[in-house]
Amino acid sequence: MKNKFYLIPILLLGSLTGCEENNIDLKISTSCAPMYDIVYRLIGVYGAVKCVAPDDPFVTPELDEETVEYIKDSDIFFTLNSFDNWANSLDFEGEFYSPTENMNIIDDNSYIHLSFINYARMVNNVYNKLVELDYKNRKYYSNGLEIVLDVISEVKGAYDSYFQNATGDFVTDSDYFVYLADEYNMPYVNLKDQTSTQIKEYLVDNDYHYFFVEDPTNEDYIAMKEALEDEHYSLSLLKINPYLTVDIDHWGASSNYIKVMYDNLDSFKKAFGE
């Protein structure tokens, strides 16, 4: 079932009503993976969409000449809240727009896209902005919006169903998932500023046998896991992806928001049980 829904955004982009006749001439820059994902789902292959910083949203990207020129010629630049302060220094005279405006930001935490409710709101806001910019193609965007919201509803439904009965603490090494934890009433334990030794002691003292991490291959965490195994204490390092980066060439198969969130659900099941 999951594989079917991973492919929905791609398979249906070409089957939207009248898409062969659309003349979408918008050129759009996006700042990071979540913004690219949303805009591409709505505009598809019928408009120009570029992710300016696909690899590391925390670092001001070194832009090649082609990208710089693309940004200058863009009709709009979609950004993700304070995540993208670096974008303000770019040579762009057009409109910057963040679909998180007027949304509830928790403690200046910019990872608002990791809540399904917020993500759906962001999709709606981007849709409204596209219609404002390109009213003649509003029917195309409207059809795209319906498809995207259905796909989000499907993955959210999978989470809703699982967390009706599953419980557990969200023990992790970052503040990325505050919104998702809040949405599903998971106590959030952030060990971000702790050393591996401190993390090890905390996990054992609280009888946690799992640890959600962005990079399970981290050498310090592997060493911690092996040290615990020597003490006959089992620990699973479970990958949890905040979807901050995107591999454009593999967006459809593996590097898109829906696929990532299904993978994250699999990690929750490994920690809290099926």
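Begin by selecting Glu229 and Lys225 in this predicted model: the two residues form a salt bridge, with 3.3 Å between the closest N and O atoms. Both belong to helix 8 (residues 219–230), and because they are four residues apart, about one helical turn separates them. Glu229 is partly exposed at 41% relative accessibility, and Lys225 is also partly exposed, at 24%.

Next, select Lys156 and Asp160 in helix 5 (residues 138–163), which are likewise four residues apart, or about one helical turn. Their side chains meet in a salt bridge of 2.9 Å, N to O. Lys156 has a relative accessible area of 24% and Asp160 one of 29%, so each counts as partly exposed.

Proceed to Asp134 and Lys136, where a further salt bridge brings the closest N and O atoms to 2.8 Å. Here Asp134 is buried, at 3% relative accessibility, whereas Lys136 is exposed, at 53%.

Then display Glu95, Lys129 and Glu132 together; a network of salt bridges links these residues. The structure contains nine salt bridges.

Turn now to the surface and select Asp55, Asp56, Asp247 and Asp249, which gather in a patch of negative charge. Asp249 is found in the loop between strand 8 (236–239) and helix 9 (257–272), and its relative accessibility of 71% makes it exposed.

Finally, follow the chain into helix 9 and select Asn264. Asn264 is buried, with a relative accessible area of 1%. Beyond its neighbours within four places in sequence, Asn264 is in contact with Tyr159, Phe177, Lys239, Ile240 and Asn241.

Methods. Residues are numbered from 1 along each chain as its sequence is written. This is a predicted model: local features need pLDDT of at least 70, side-chain atom pairs count only at pLDDT 80 or more; totals for chains, interfaces and linings use all residues. Side-chain values use heavy atoms; hydrogens and water are left out. Patches are made of residues with over 30% relative accessible area and no salt bridge: like charges are joined within 9 Å, nonpolar side chains (Val, Leu, Ile, Met, Phe, Trp, Tyr) within 5 Å. Accessible areas come from the Shrake-Rupley method with a 1.4 Å probe; for residues, only the protein chains shown count as cover. A salt bridge is a side-chain nitrogen of Lys or Arg within 4 Å of a carboxyl oxygen of Asp or Glu. Lys and Arg count as positive and Asp and Glu as negative; His and the chain ends are not counted. The place of a charge is taken as NZ of Lys, CZ of Arg, CG of Asp or CD of Glu. Helices (H or I, at least four residues) and strands (E, at least two) are DSSP runs, numbered from the N terminus. Buried means under 20% relative accessible area, exposed over 50%, partly exposed in between (1.4 Å probe, protein chains only). Contact means heavy atoms within 4.5 Å.
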